[in-house]
Amino acid sequence: MIEKNTRTFIPVIYDCNNNCISCPVPIYMKRENPTFEEIILDIDKISNYSNHIEFNGGEPTIRKDMIKILKYCESKDFQEISILTNVEMLSYEDYVKKLSKIRNLKIITTLYGHNSKIHDAITKTPGSFERKIKGIKNLIKYGINIELRILLHKMNYKHFNELTDFLIKRFNSTNFQRVAIMNPKLTCNAAKYREAVMENIINISGVLNEPISKLIREDFKIELYHFPHCILPRELWQYSKGITAEETEIIFPNFCEECVKRKKCSGIWRSYYVLMKGAEEFEPIK
(Lines give C-alpha, C1' and ligand atoms only; values in the text may rest on other atoms or scores of the structure.)
Protein backbone atom coordinates (compact mmCIF):
# COMPACT_ATOMS: atom_id res chain seq x y z
CA MET A 1 0.00 0.00 0.00
CA ILE A 2 1.35 3.44 -0.96
CA GLU A 3 1.62 5.85 1.96
CA LYS A 4 -0.24 9.07 1.33
CA ASN A 5 2.36 11.61 2.38
CA THR A 6 3.47 13.36 -0.81
CA ARG A 7 2.34 16.91 -1.45
CA THR A 8 1.54 17.41 -5.12
CA PHE A 9 1.15 20.54 -7.23
CA ILE A 10 -0.83 20.87 -10.44
CA PRO A 11 -0.61 23.88 -12.79
CA VAL A 12 -4.13 24.25 -14.12
CA ILE A 13 -3.61 27.42 -16.19
CA TYR A 14 -0.76 29.39 -17.72
CA ASP A 15 -2.53 32.76 -17.91
CA CYS A 16 -2.57 35.32 -15.10
CA ASN A 17 -4.42 38.56 -14.35
CA ASN A 18 -1.35 40.03 -12.58
CA ASN A 19 2.19 40.46 -13.92
CA CYS A 20 4.25 40.40 -10.72
CA ILE A 21 7.81 41.66 -11.05
CA SER A 22 9.01 39.03 -8.55
CA CYS A 23 7.11 36.09 -10.07
CA PRO A 24 9.39 33.03 -10.55
CA VAL A 25 6.84 31.12 -12.66
CA PRO A 26 7.05 30.88 -16.47
CA ILE A 27 4.15 32.49 -18.31
CA TYR A 28 3.18 30.56 -21.40
CA MET A 29 0.83 33.01 -23.09
CA LYS A 30 0.81 31.00 -26.33
CA ARG A 31 0.54 27.59 -24.70
CA GLU A 32 -2.82 25.89 -24.44
CA ASN A 33 -4.10 25.49 -20.90
CA PRO A 34 -4.78 21.95 -19.62
CA THR A 35 -8.26 20.68 -20.41
CA PHE A 36 -10.74 19.72 -17.71
CA GLU A 37 -10.32 16.09 -18.69
CA GLU A 38 -6.52 16.27 -18.38
CA ILE A 39 -6.79 17.84 -14.93
CA ILE A 40 -9.22 15.14 -13.80
CA LEU A 41 -6.76 12.45 -14.88
CA ASP A 42 -4.02 14.17 -12.88
CA ILE A 43 -6.27 14.38 -9.82
CA ASP A 44 -7.06 10.66 -10.11
CA LYS A 45 -3.36 9.80 -10.27
CA ILE A 46 -2.41 12.03 -7.36
CA SER A 47 -5.18 10.66 -5.15
CA ASN A 48 -3.40 7.28 -5.27
CA TYR A 49 -0.37 8.55 -3.39
CA SER A 50 -1.16 11.89 -1.76
CA ASN A 51 -3.56 13.30 0.81
CA HIS A 52 -2.67 16.81 -0.32
CA ILE A 53 -3.16 18.61 -3.59
CA GLU A 54 -2.45 22.17 -4.65
CA PHE A 55 -3.64 23.98 -7.76
CA ASN A 56 -1.48 26.74 -9.14
CA GLY A 57 -0.74 28.50 -12.39
CA GLY A 58 -0.86 31.25 -13.67
CA GLU A 59 -3.98 32.21 -11.78
CA PRO A 60 -6.26 29.20 -11.15
CA THR A 61 -9.37 31.22 -10.26
CA ILE A 62 -9.71 32.71 -13.74
CA ARG A 63 -10.53 29.24 -15.06
CA LYS A 64 -14.29 29.18 -15.63
CA ASP A 65 -14.45 25.53 -14.52
CA MET A 66 -12.33 25.91 -11.36
CA ILE A 67 -15.26 25.32 -8.99
CA LYS A 68 -16.18 22.21 -11.00
CA ILE A 69 -12.57 20.98 -10.66
CA LEU A 70 -12.65 21.56 -6.90
CA LYS A 71 -15.95 19.71 -6.53
CA TYR A 72 -14.48 16.71 -8.30
CA CYS A 73 -11.40 16.94 -6.11
CA GLU A 74 -13.63 16.83 -3.03
CA SER A 75 -14.84 13.38 -4.01
CA LYS A 76 -11.27 12.02 -3.77
CA ASP A 77 -11.02 12.40 0.00
CA PHE A 78 -8.01 14.72 0.11
CA GLN A 79 -7.16 15.99 3.58
CA GLU A 80 -6.23 19.36 2.12
CA ILE A 81 -7.10 21.03 -1.18
CA SER A 82 -5.05 24.19 -1.73
CA ILE A 83 -5.18 26.96 -4.31
CA LEU A 84 -2.24 29.29 -4.83
CA THR A 85 -4.01 32.47 -5.92
CA ASN A 86 -3.67 36.24 -5.99
CA VAL A 87 -7.34 36.37 -4.73
CA GLU A 88 -8.35 38.98 -7.33
CA MET A 89 -11.44 36.89 -8.14
CA LEU A 90 -12.06 36.34 -4.44
CA SER A 91 -12.84 40.02 -4.04
CA TYR A 92 -16.23 38.95 -5.45
CA GLU A 93 -18.23 37.59 -2.53
CA ASP A 94 -20.36 35.28 -4.69
CA TYR A 95 -17.20 33.45 -5.80
CA VAL A 96 -16.08 32.98 -2.20
CA LYS A 97 -19.54 31.66 -1.27
CA LYS A 98 -19.04 28.90 -3.83
CA LEU A 99 -15.53 28.17 -2.51
CA SER A 100 -16.87 27.91 1.04
CA LYS A 101 -18.84 24.80 0.01
CA ILE A 102 -15.62 22.89 -0.75
CA ARG A 103 -14.44 20.73 2.16
CA ASN A 104 -10.81 20.91 3.35
CA LEU A 105 -10.02 23.94 1.21
CA LYS A 106 -7.06 26.23 1.89
CA ILE A 107 -6.22 29.44 0.07
CA ILE A 108 -2.56 30.45 -0.29
CA THR A 109 -1.88 34.06 -1.23
CA THR A 110 0.98 36.56 -1.12
CA LEU A 111 0.89 40.10 0.26
CA TYR A 112 3.71 42.33 -1.02
CA GLY A 113 3.17 45.51 0.93
CA HIS A 114 1.12 47.51 3.43
CA ASN A 115 -0.31 49.87 0.82
CA SER A 116 -1.27 50.05 -2.84
CA LYS A 117 1.83 52.04 -3.81
CA ILE A 118 4.17 49.16 -2.95
CA HIS A 119 1.89 46.20 -3.62
CA ASP A 120 0.58 47.41 -6.99
CA ALA A 121 4.07 48.40 -8.17
CA ILE A 122 5.15 44.79 -7.64
CA THR A 123 2.05 43.19 -9.20
CA LYS A 124 2.06 45.78 -12.03
CA THR A 125 -1.72 45.73 -11.64
CA PRO A 126 -3.51 48.89 -10.45
CA GLY A 127 -6.10 48.17 -7.74
CA SER A 128 -4.64 44.77 -6.85
CA PHE A 129 -3.93 45.78 -3.24
CA GLU A 130 -7.53 46.82 -2.58
CA ARG A 131 -8.84 43.64 -4.19
CA LYS A 132 -6.30 41.57 -2.22
CA ILE A 133 -7.53 42.94 1.12
CA LYS A 134 -11.17 42.59 0.09
CA GLY A 135 -10.54 39.00 -1.02
CA ILE A 136 -8.85 38.12 2.27
CA LYS A 137 -11.73 39.65 4.23
CA ASN A 138 -14.23 37.63 2.18
CA LEU A 139 -12.30 34.44 2.97
CA ILE A 140 -12.30 35.28 6.68
CA LYS A 141 -16.03 36.04 6.56
CA TYR A 142 -16.77 32.56 5.16
CA GLY A 143 -14.32 30.73 7.41
CA ILE A 144 -11.96 29.50 4.68
CA ASN A 145 -8.42 28.60 5.78
CA ILE A 146 -5.72 31.05 4.65
CA GLU A 147 -1.97 30.76 4.40
CA LEU A 148 -0.49 34.23 3.99
CA ARG A 149 2.90 34.53 2.33
CA ILE A 150 5.17 37.56 2.50
CA LEU A 151 7.83 37.59 -0.20
CA LEU A 152 10.63 40.00 0.74
CA HIS A 153 12.94 41.49 -1.87
CA LYS A 154 14.54 44.78 -2.88
CA MET A 155 11.24 46.57 -3.56
CA ASN A 156 9.61 45.92 -0.20
CA TYR A 157 11.95 44.56 2.49
CA LYS A 158 12.63 47.98 4.03
CA HIS A 159 8.89 48.28 4.67
CA PHE A 160 8.50 44.90 6.39
CA ASN A 161 8.00 46.57 9.78
CA GLU A 162 5.14 48.67 8.36
CA LEU A 163 3.63 45.58 6.76
CA THR A 164 3.58 43.71 10.08
CA ASP A 165 1.99 46.74 11.78
CA PHE A 166 -0.67 46.69 9.05
CA LEU A 167 -1.37 42.98 9.60
CA ILE A 168 -1.65 43.39 13.36
CA LYS A 169 -3.98 46.37 12.99
CA ARG A 170 -6.25 44.92 10.29
CA PHE A 171 -6.34 41.20 11.13
CA ASN A 172 -6.22 38.69 13.98
CA SER A 173 -3.72 35.87 14.31
CA THR A 174 -6.61 33.39 14.07
CA ASN A 175 -7.40 34.64 10.55
CA PHE A 176 -4.37 32.79 9.14
CA GLN A 177 -3.20 29.20 9.51
CA ARG A 178 0.30 30.58 9.24
CA VAL A 179 2.30 33.53 7.91
CA ALA A 180 5.17 32.28 5.75
CA ILE A 181 7.99 34.75 5.17
CA MET A 182 9.99 33.90 2.09
CA ASN A 183 13.05 34.83 0.07
CA PRO A 184 12.33 34.86 -3.69
CA LYS A 185 13.58 32.49 -6.33
CA LEU A 186 15.19 34.63 -9.05
CA THR A 187 13.78 33.02 -12.18
CA CYS A 188 11.47 34.20 -15.00
CA ASN A 189 10.07 37.67 -14.18
CA ALA A 190 12.15 37.84 -11.01
CA ALA A 191 15.28 37.30 -13.13
CA LYS A 192 14.09 39.60 -15.89
CA TYR A 193 13.54 42.42 -13.38
CA ARG A 194 16.43 41.42 -11.13
CA GLU A 195 17.71 44.99 -10.81
CA ALA A 196 14.41 45.84 -9.11
CA VAL A 197 14.08 42.57 -7.16
CA MET A 198 17.50 41.16 -6.25
CA GLU A 199 18.92 42.13 -2.87
CA ASN A 200 21.70 40.69 -0.75
CA ILE A 201 19.99 38.24 1.57
CA ILE A 202 21.94 39.53 4.57
CA ASN A 203 20.28 42.93 4.13
CA ILE A 204 16.85 41.31 4.06
CA SER A 205 17.70 39.14 7.05
CA GLY A 206 18.73 42.26 8.94
CA VAL A 207 15.16 43.62 9.02
CA LEU A 208 13.43 40.40 10.15
CA ASN A 209 13.86 40.33 13.92
CA GLU A 210 11.71 43.20 15.17
CA PRO A 211 8.72 42.69 12.83
CA ILE A 212 8.65 38.92 13.42
CA SER A 213 8.90 39.45 17.18
CA LYS A 214 5.84 41.71 17.03
CA LEU A 215 3.86 39.12 15.05
CA ILE A 216 4.82 36.38 17.52
CA ARG A 217 3.72 38.51 20.47
CA GLU A 218 0.34 38.79 18.75
CA ASP A 219 0.19 34.97 18.40
CA PHE A 220 0.66 34.81 14.63
CA LYS A 221 2.16 31.47 13.58
CA ILE A 222 5.38 32.33 11.75
CA GLU A 223 7.50 30.20 9.44
CA LEU A 224 10.59 31.22 7.46
CA TYR A 225 11.51 29.66 4.12
CA HIS A 226 14.70 29.93 2.06
CA PHE A 227 16.65 31.93 4.61
CA PRO A 228 19.76 29.87 5.48
CA HIS A 229 20.46 29.71 9.22
CA CYS A 230 23.89 31.32 8.90
CA ILE A 231 22.42 34.67 7.81
CA LEU A 232 19.50 34.61 10.29
CA PRO A 233 19.56 36.09 13.80
CA ARG A 234 19.89 33.19 16.24
CA GLU A 235 16.49 34.06 17.73
CA LEU A 236 14.84 33.16 14.44
CA TRP A 237 16.46 29.77 13.83
CA GLN A 238 13.49 27.96 15.36
CA TYR A 239 11.16 29.41 12.70
CA SER A 240 13.23 28.29 9.71
CA LYS A 241 11.41 25.35 8.14
CA GLY A 242 13.75 24.12 5.43
CA ILE A 243 13.21 23.42 1.74
CA THR A 244 9.97 23.92 -0.19
CA ALA A 245 11.43 23.55 -3.69
CA GLU A 246 12.90 20.88 -5.92
CA GLU A 247 16.44 19.90 -4.91
CA THR A 248 17.74 21.03 -8.31
CA GLU A 249 16.71 24.61 -7.46
CA ILE A 250 18.83 24.67 -4.28
CA ILE A 251 22.58 24.68 -3.78
CA PHE A 252 24.75 23.88 -0.77
CA PRO A 253 28.37 25.02 -1.33
CA ASN A 254 31.02 22.60 -0.08
CA PHE A 255 31.63 24.56 3.10
CA CYS A 256 28.01 23.87 4.16
CA GLU A 257 29.03 20.31 5.03
CA GLU A 258 30.85 21.75 8.08
CA CYS A 259 27.68 23.46 9.34
CA VAL A 260 25.83 22.04 12.35
CA LYS A 261 22.53 23.24 10.82
CA ARG A 262 23.10 21.62 7.42
CA LYS A 263 20.30 19.05 7.71
CA LYS A 264 17.71 21.63 8.75
CA CYS A 265 18.82 24.39 6.40
CA SER A 266 16.88 25.61 3.38
CA GLY A 267 20.08 26.03 1.38
CA ILE A 268 20.68 28.81 -1.12
CA TRP A 269 18.51 29.44 -4.16
CA ARG A 270 20.63 28.32 -7.12
CA SER A 271 19.33 31.31 -9.07
CA TYR A 272 20.53 33.68 -6.32
CA TYR A 273 23.93 31.97 -6.19
CA VAL A 274 24.37 32.34 -9.96
CA LEU A 275 23.14 35.93 -10.28
CA MET A 276 25.09 37.10 -7.22
CA LYS A 277 28.18 35.29 -8.58
CA GLY A 278 28.98 33.39 -5.42
CA ALA A 279 28.11 33.08 -1.77
CA GLU A 280 30.56 35.19 0.24
CA GLU A 281 27.82 36.20 2.69
CA PHE A 282 27.29 32.61 3.86
CA GLU A 283 29.48 30.69 6.31
CA PRO A 284 29.09 27.44 8.27
CA ILE A 285 27.80 27.49 11.83
CA LYS A 286 30.17 25.45 13.97
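Biologist: In which helix is the place of aspartate 120?
Modeller: This is a predicted model in which local features need pLDDT of at least 70 and side-chain atom pairs count only at pLDDT 80 or more, while totals for chains, interfaces and linings use all residues. Residues are numbered from 1 along each chain as its sequence is written, and side-chain values use heavy atoms, leaving out hydrogens and water. Helices (H or I, at least four residues) and strands (E, at least two) are DSSP runs, numbered from the N terminus. Aspartate 120 is placed in helix H4.

Biologist: Which side chain of opposite charge is nearest to aspartate 120?
Modeller: Aspartate 120 is buried (under 20% relative accessible area, with exposed over 50% and partly exposed in between; 1.4 Å probe, protein chains only). Aspartate 120 has no salt bridge, that is, a side-chain nitrogen of Lys or Arg within 4 Å of a carboxyl oxygen of Asp or Glu. Lys and Arg count as positive, Asp and Glu as negative, and His and the chain ends are not counted. The nearest side chain of opposite charge is 6.7 Å away and belongs to arginine 131.

Biologist: Which residues in H5 does H4 meet?
Modeller: Contact means heavy atoms within 4.5 Å. From H4, the residues taking part are Ser116, His119, Asp120 and Thr123. Their partners in H5 are Ser128, Phe129 and Lys132.

Biologist: How do helix H4 and helix H5 pack, at what angle?
Modeller: H4 covers residues 116–123 and H5 covers residues 128–141, and their axes are 8 Å apart. H4 is roughly perpendicular to H5, because the angle between them is about 105°.

Biologist: What is phi of lysine 124?
Modeller: Lysine 124 is in the loop between H4 and H5, and at 37% relative accessibility it counts as partly exposed. Lysine 124 is not a glycine, although its phi is positive, at about 55°.

Biologist: How many residues apart are arginine 178 and glutamate 147?
Modeller: Arginine 178 and glutamate 147 form a salt bridge, with the closest N and O atoms 2.8 Å apart. Both arginine 178 and glutamate 147 are buried. Arginine 178 is in strand E6 and glutamate 147 in strand E5, so that the pair links distant parts of the chain, 31 residues apart.

Biologist: Which helices hold lysine 214 and aspartate 165?
Modeller: The side chains of lysine 214 and aspartate 165 meet in a salt bridge of 2.6 Å, N to O. Lysine 214 is buried at 15% relative accessible area, and aspartate 165 is partly exposed at 38%. The pair ties together parts that are 49 residues apart in sequence, because lysine 214 lies in helix H10 and aspartate 165 in helix H6.

Biologist: At what angle do H6 and H10 pack?
Modeller: The axes of H6 and H10 are 8 Å apart, and H6 is roughly parallel to H10. Among the residues that meet are Asp165 in H6 and Lys214 in H10. The angle between H6 and H10 is about 10°.

Biologist: Which peptide bond is cis, with omega near 20°?
Modeller: One of its residues, glycine 58, lies in the loop between strand E2 and helix H2. The cis bond runs from glycine 57 to glycine 58.

Technical notes. Axes fitted to C-alpha atoms, helices over the stretch in contact; angles between N-to-C directions. Parallel < 35°, antiparallel > 145°, perpendicular 65-115°, else oblique.
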